[in-house]
Amino acid sequence: VTHGATSGYGYGVLGDYKTLNTYYYNGWYYLYDVTKPMNGVIETRDANNGTTQGGYSVDSNNAFTSSGQAADVDAHKYAGIVYDYYYNTHNRNSFDNAGSTIISTVHYSTNYNNAFWNGNQMVYGDGDGTTFIALSGALDVVAHELTHAVTERTAGLIYQDQSGALNESMSDVFGYFVEPNDYLMGEDVYTPGISGDALRSISDPTAYGQPDHMNDYYYTSSDNGGVHTNSGIPNKAAYNTIVSIGKTKAEKIYYRALTVYLTSSSDFSDARAALLSSTADLYGYGTEYTAVENAWDAVGVY
Ligand code: ASN
Ligand code: ZN
Ligand code: CA
């Protein structure tokens, strides 16, 4: 045949070797993964330092090994890992639970120190090399961004004030659930010249300037009411829950709250109630329920 699914390889942002689900078509190999049980595919594109979606990321011999391809490699591989997490752990098929195509664009703009879900796809900057290296190089960042898509299609948490901070927190918490090797966010791509630091911590939000209690809620008109700051409060409650009952139960409770109970205008108090309802559904009114109560008591949310 002249086209079809292939297996390629490449090096990620941190220089690590990894295999890739690719597709051969008309003399080129594409970062185009048709192996998932989706209606669509997982595809990765290259903005080539522009600000459009860009064309497909391709290679002539299925070895995505050049330095300029590292961001492409990780965006593609990690989108697949996050897809697999939601499918295998929560029986969710893609961000919309309808198996829709997951698109990532890398090399967005120049020296761009951010990544985002734009309502249709994920977009990643290369970083400026000092504050960040290419942001797709962090699995927790990829999970954070794709979780924004899940939230948009489920709870729909409005990106302002407490509902916005909950939206941010869900992305950080699922970043942990997908990559549970530490409680830090973005450590793999943040400040390459400084070891051990990160963008945020869910175990100790105050280490990175975030509150971990309602007494320190930060009132501001910037950042949509401090959504990336006040997320520290629900993040700490999630951490408290995880250490008390374990990841396996906590992630089930969080997914159920996000997809069944939370609504677009939910505030922190509503989140506590949503998580308690989910806990009762899944585990009854025993130790797990008490753990969630204690987790939110500790951050001053009732
Ligand atoms: N990286 C940021 C985030 O996903 C971009 C934003 O502020 N929306 O939260
Ligand atoms: Zn976010
Ligand atoms: Ca991490």
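Residues are numbered from 1 along each chain as its sequence is written, while chains are lettered from A and ligands numbered from 1 in the order in which they are written. In this predicted model, local features need pLDDT of at least 70, side-chain atom pairs count only at pLDDT 80 or more, and totals for chains, interfaces and linings use all residues; side-chain values use heavy atoms, without hydrogens or water.

**Overall fold**

The protein chain holds eight helices and 13 strands. These are DSSP runs, numbered from the N terminus: helices are H or I with at least four residues, strands are E with at least two. The C-alpha trace spans about 60 × 40 × 30 Å along its principal axes. The radius of gyration is 19 Å, in agreement with the value near 19 Å for a compact globule of 302 residues. That radius is taken over C-alpha atoms, and the globule rule is 2.2 Å times the number of residues to the power 0.38.

Of the 302 residues, 55% are buried. Buried means under 20% relative accessible area, exposed over 50%, and partly exposed in between (1.4 Å probe, protein chains only). Among contacts with a separation of 6 or more, 61% join residues 24 or more positions apart. A contact means heavy atoms within 4.5 Å. The accessible surface is about 12,100 Å², and carbon and sulfur atoms supply 46% of it. Areas come from the Shrake-Rupley method with a 1.4 Å probe; for residues, only the protein chains shown count as cover.

**Metal sites**

Donors are N, O and S atoms within 2.8 Å of the metal, or 3.2 Å for Na, K and Ca; water is not among the atoms, so sites may look incomplete.

The zinc ion (ligand 2) has three protein donors: His144 (NE2), His148 (NE2) and Glu168 (OE), lying 2.0 Å from it. Histidine 144 in helix H2 and glutamate 168 in helix H3 (residues 161-178) are 24 residues apart, so the pair links distant parts of the chain. The donor spacing along the chain is H-x3-H-x19-E. Histidine 144 is buried at 4% relative accessibility. Glutamate 168 is buried too, at 0%.

Aspartate 140 sits in helix H2 (residues 139-153) and leucine 184 in strand S12 (residues 184-185), 44 residues apart. Aspartate 140 is buried at 1%, whereas leucine 184 is partly exposed at 24%.

**Ligand 1**

Around ligand 1 lie Asn114, Ala115, His144, Glu145, His148, Tyr159, Glu168 and His228. A residue counts here if one of its heavy atoms lies within 4 Å. Two of the zinc donors, His144 and His148, are in this set.

| Side chain | Distance to an oxygen atom of ligand 1 |
|---|---|
| Glutamate 145 | 2.8 Å |
| Glutamate 168 | 2.7 Å |
| Histidine 228 | 2.6 Å |

Taken alone, ligand 1 exposes 270 Å², and the protein buries 75% of that. A polar contact is a pair of N or O atoms within 3.5 Å; within protein, one must be able to donate a hydrogen and the other to accept it, and residues adjacent in sequence count only if both atoms are side-chain atoms.

**Alanine 79**

Alanine 79 is found in helix H1 (residues 70-90). Alanine 79 is buried, with a relative accessible area of 0%. Leaving out residues up to four places away in sequence, alanine 79 touches Ile42, Asp74, Ile102, Ser104, Met122 and Val142.
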